[in-house]
Amino acid sequence: MDGQGRLARLRQAMGWITQQGQEAAQRLRAGGVPPELRHAAWNTKVLGSAFARQLYATGIAGPGVPPQSFPVQVRLTSGLCRQQALEQPWLHYWCSRLGMYPMYHRKVWEDCFVAQALWEAGMLNGRRRALGFAVGREMLPAFFAAFGVEVLATDLGLEAQKAKGWQETGQHASELDHLFWPHLVEREVFDQRVTFQPADMRRIPDALADGSRDFVWSVCSFEHLGSIQAGLDFVVRAMDCLRPGGVAVHTTEFNMAEEGPTVESGNTVLFQRRHIEALGERLAALGHELLPVDYSPGQGVLDMFVDLPPYREEDGAQPVPDTPHLRLAKGEHVVTSIGLIIRKAR
């Protein structure tokens with residue numbers, strides 16, 4: 001079999017393993033797949049973990065990184081999650097403030113990307129008012145409150161059918177207690193500065209779209225609105241919540257293939273470059289500015305590593321500790337996170 005044939009078989013195997021999400025992961029654990037594919041998925045995790053641990057041992061990332069005591073200006077723009085970012089002092093600072101290790105995981109990058117973008121925009125001070133969408137049980141509302149920001153956190157109401165699914169996985173917020181993180185902020189300060197309100201991202205109410213907020217944010221949320229179009233419509237509508245010159249920061253799922261099919265509808269859609277470019281045009285037509293997007297995939301070895309399911313056990317732990325998770329397989333697609341920074345028209 002030639003190289004192209006082997007690549008096609010590999011893509012087919014990736015798709016077969018991941019095509020049914022958790023069900024496929026359960027079959028993988030239970031042994032209901034051909035042994036060679038089970039071994040391939042397991043070997044992927046073991047080898048990835050070995051690469052990551054070698055890098056952690058050098059002190060450029062991971063639990064051994066010395067604490068960064070001050071933020072670093074890097075002129076952050078929109079762009080993809082990459083290995084290099086996890087090795088930079090700017091990200092190490094936000095990890096230390098959030099109480100995280102700079103591990104090679106895209107979720108670590110997402111929180112730090114949001115924090116860095118807002119800090120560079122001058123938004124992390126006591127004069128600001130913020131609105132968070134689909135906050136789940138994020139640390140960010142408590143984190144922003146510690147900076148003196150007045151935060152309105154929103155998520156789907158309990159009556160929403162989809163919210164029930166998020167509750168089952170521990171990712172849905174309905175009460176302030178779910179958003180309180182004692183290592184980030186004192187309870188009295190949190191109660192003074194953070195409020196919660198149910199809200200559907202697909203239908204942002206006029207009361208929220210009143211142009212009164214200094215910044216809005218969402219972390220890996222608008223890909224869950226049912227379609228590519230619904231996700232893009234949310235980003236545009238959320239700009240109505242901002243005052244002139246305000247800032248929106250969002251992260252979402254990104255299909256690294258510039259051409260070809262993607263997941264256009266369903267529980268989790270995958271945006272491609274063409275969708276982000278079309279979004280930029282829509283925003284520009286309204287006078288807003290999507291900061292330039294860096295689509296470079298990165299050159300680190302972990303930028304080329306694609307994690308395979310299962311991604312975590314029932315208790316949230318990784319099946320193999322330290323497996324890198326900057327890229328992952330969703331069916332035949334290689335997916336990462338993209339961060340968007342948008343300034344509202346003045």
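How close do the axes of helix 4 and helix 5 come, and at what angle do they cross? In this predicted model, the two axes come within 9 Å and cross at roughly 105°. Because angles of 65 to 115 degrees count as roughly perpendicular, helix 4 is described as roughly perpendicular to helix 5.

Seven of the ten residues of helix 4 are buried, so the helix is largely enclosed by the rest of the structure. The buried residues are Trp90, Leu91, His92, Tyr93, Trp94, Cys95 and Leu98, and what covers them includes helix 5 and helix 6. After helix 4 comes glycine 99, whose phi is positive, near 80°.

**The nonpolar cores**

The largest nonpolar core has 58 residues, and among those with the most contacts inside it are Trp94, Cys112 and Phe143. Elements that give two or more residues to this core include helix 4, helix 5, helix 6 and strand 3, and helix 5 gives the most, with eight residues. A second, separate core of 33 residues includes Leu232, Ala238, Cys241 and Leu279.

**Two residues and their contacts**

| Residue | Residues touched |
|---|---|
| Tryptophan 94 | Pro71, Cys112, Ala115, Gln116, Trp119, Leu124, Phe143 and Phe147 |
| Alanine 153 | Gly132, Val135, Pro141, Leu179, Thr195, Phe196 and Gln197 |

Alanine 153 lies in strand 3 and is buried, with a relative accessible area of 0%.

**Confidence of the model**

The mean pLDDT of the protein chain is 89, and 86% of its residues reach 70 or more. Over residues 1-22, however, pLDDT stays under 50, and for this stretch the model has 26 contacts beyond four places in sequence.

Definitions and conventions
Residues numbered from 1 in each chain as written. Predicted model: local features only at pLDDT ≥ 70, side-chain atom pairs only at ≥ 80, totals over all residues. Heavy atoms only, no water. Core = buried A, V, L, I, M, F, W, Y, C linked by side-chain atoms within 4.5 Å. Buried < 20%, exposed > 50% of the residue type's maximum accessible area, 1.4 Å probe, protein only. Helix = DSSP H or I, 4+ residues; strand = E, 2+ residues; numbered from the N terminus. Contact = heavy atoms within 4.5 Å. pLDDT = per-residue confidence, 0-100. Axes fitted to C-alpha atoms, helices over the stretch in contact; angles between N-to-C directions. Parallel < 35°, antiparallel > 145°, perpendicular 65-115°, else oblique.
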